[in-house]
Amino acid sequence: MTVNPTDDFHDCQYNLSPGVKEAPADPKRTYLYVRQSTLRQVLENTESTKRQYALRERAVALGWKPDQVVVIDSDLGQSGADADRAGFQRLVAAVGVGEVGVVLGLEVSRLARNSSDWHRLLEICALANTLILDEDGLYDPSHFNDRLLLGMKGTMSEAELHVLRARLIGGQLAKASRGELEVPLPVGLVYDATAKVILDPDQSVQQAIHQFFETFRRTGSATGTVRAFREQGLLFPRRTQSGPHKGELAWGALLHYRALNVLKNPRYAGAFAYGRTRTTKPGQPSGLRHSLPRDEWHTLILDAHPGYITWEQHEQNLARLRANSAAYGAERRHGPPREGPALLQGLAVCGRCGGRMTVRYYMRHGQPVPQYCCQSEGIKRAQSPCQRVVGADVDRAIANLLVDTMTPLALEVALSVQDELASRADETDRMRRHQIERARYEADLAQRRYLRVDPDNRLVAATLEAEWNNKLRALDIAQEDYERQRQGDALIDDNNRERILALATDFPRLWQDPNTPARERKRMARLLINDVTLLLGNHVLDIHVRFRGGDTRSLKLARPRSITDLRKLDPAVVTEIDRLIDDHTDSEIAAALDAAGYQPPVGDRFTIWIVWKIRKTHGLGSRRERLRRRGMLTLDEMAETLGVHPQTVKDRASRGQLVSVVYNEKHERLYAPPQPVATIACAHCGKPIPERCSQGQRQKYCCVSCRTGAYATRRRAAGWVRPPRRR
């Protein structure tokens, strides 16, 4: 039932008698919904906002009191296609509880541009006997005709939004296909006065970006580039995307995600690309954005503007990123070379299951020792690792193989084989040229057929034109295949031949140079080796090396000792400690073992604690225990035996009057027991006397008189005469 707004509205809603023109005592409220799609429209298109607020006066004219008209304008600046509108949800809730008599809106598109939201509102209005009023008239959703008309209006409103969007997007795609669409540029690129893309005039920005790409070329990974910038204290520029400083240049630390964005952005290679991402809305208000493969991009124009790198360098960077990310995939392909000493990092393949082997390190004598481990499947199935191979001997064997392989004779043979392949490539190249000539002849023939046909015979002309296009397409494909194959069959000239032969002398010198980093050795190994298969047997380790050119080599090594075996103590060390305990303390034993070249089970040198642990484990006993078994006495025991103070014992030992031995690191001593008293004859009178006096000193005379008499006897024997006394 469509009703003109000038008709008696209360007769329709409240079944009043025709003569009554007043609203009931407690009528339902009127809800006025006001909305503008964007904030810009709210600020600039003020007339539309005024027209919507003017509907409030119309509700008052229909009989509602001013305080019964509720205005909902919280959705100003939100699109009608957005389902997350607080004001619209409030309106639907009020209609559902029966508080609304009529919903006012300037037009259907103001209420919703989404068919699902619009029809849901119509169903609730029909159940609650709520009317809908717009500029065209008054509608009762409970009547079929009105609901049909409102549904068509809602559909047309949604279609209008689609058409407007399609027109805008169509214009964008048309400009993008020509490379003329102005889109936000990454840092380092700006628009000039004529809307042309140029390099940023700021030299510091250009230097930072050039330094970034040079660092990535040197390190080979985005993480290594970020680490290099951090270690060198370098900053990287960026453009502020929002806020009061939008568009201004800011400098900060280089982050990993920003490094990936720079490496993947084709604008730095001078290419215009559009449609690299696609946004979907699976229930999220902000949508979900994901990257598209290159063949699904809308536009890609090479050499559209100046760049920092070439397109070939951009492709190489992407290939390196893919290779690095493949190290974390299911096949565990090798990533960029790291700083560790493991030469076969990313190249080792398990000979049992065929999976990629990871690298683990443990310390051996202060140096990291690699271990190649195949454990990915074991982790998935909660099983033990498939193989564990200690990598020190393996790396040494592979290094010797590479040095022996890079000899002048081997390179000369490789070059002779390449010459043979080049002669064969000439014949193949001749056949490919014949194929191109054949395709060109067929394209020319199709062109002549098309040009000879009567233009009025459109059916035949269309068929011949399609055939001509197919022949031209086949000719382009044949030419592209020819150029690609020809680049792969490039010959080696005399200059390159001399440079390759010079590697035979430079490579061993560079490889054996102690200043060459482990990362560079890994890079050289990857240039020559494709992968290395390790198969651990009961007694031998089988190594199969597959080179880049297709050649293979097989090596056999003695089964490497496991980490447990390497940590076992050498029995010779125990024997040597047992021998040294009798005459040395623990610190002296540790120094003697290090000087003799023995290796401890842990650490890089022997310590007091290691010697003590070995003694306790093998029951060797301490030096004190062995000296005590020989009868040595402690300080207190020696003082009691001699009947003197302990300090007197120390003093006599320091003077050499007593035999003492140091037995620990605190310089504590044990003393030899006193020997039986020996007697000697007095040197003057011949009377028997003890060899030592009570103080422990050696003596020769029995008394002072004998000492004096012996002195006088020696003086007289020497001819000394006492001079006469003067009176």
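# Packing and ring contacts in a predicted model

Q: Which residues in α8 meet A259, V262 and L263 in α10?

A: F212, F213 and F216 of helix α8 meet them, contact being heavy atoms within 4.5 Å. By class, this contact has six nonpolar, no polar and no charged residues; Ala, Val, Leu, Ile, Met, Phe, Trp, Tyr, Cys and Pro count as nonpolar, Asp, Glu, Lys and Arg as charged, and the others, Gly among them, as polar. The model is predicted, so local features need pLDDT of at least 70 and side-chain atom pairs pLDDT 80 or more, while totals for chains, interfaces and linings use all residues. Residues are numbered from 1 along each chain as its sequence is written, and side-chain values use heavy atoms, leaving out hydrogens and water.

Q: Why are α8 and α10 called roughly perpendicular?

A: Helix α8 (residues 203–219) and helix α10 (residues 256–264) pack at about 95 degrees, with axes 12 Å apart. Axes are lines fitted to C-alpha atoms, for helices over the stretch in contact, and angles run from 0 to 180 degrees between N-to-C directions. Angles under 35 degrees count as roughly parallel, over 145 as roughly antiparallel, 65 to 115 as roughly perpendicular and the rest as oblique. The two helices are therefore roughly perpendicular. Helices (H or I, at least four residues) and strands (E, at least two) are DSSP runs, numbered from the N terminus.

Q: What makes F212 and F213 an edge-to-face pair?

A: Rings of Phe, Tyr and Trp (its six-membered ring) pair if their centres lie within 6.5 Å; planes under 30 degrees apart count as stacked, over 60 as edge-to-face and the rest as tilted. By this rule there are seven aromatic pairs. For F212 and F213, the values are 5.4 Å centre to centre and 80 degrees between the planes, hence edge-to-face. F212 also pairs edge-to-face with F229, at 6.4 Å and 65 degrees. That pair links F212 in α8 to F229 in helix α9 (residues 222–232), 17 residues apart.

Q: Why does T30 count as buried?

A: Buried means under 20% relative accessible area, exposed over 50%, partly exposed in between (1.4 Å probe, protein chains only). T30 has 0% relative accessibility and therefore counts as buried. T30 is found in strand β2 (residues 29–33).

Q: How do you know that R85 sits over the ring of F88?

A: A charge sits over a ring if NZ of Lys or CZ of Arg is within 6 Å of the ring centre and within 35 degrees of the ring normal. The charged end of R85 is 4.4 Å from the centre of the F88 ring. R320 lies over the face of F216, at 5.9 Å from the ring centre.
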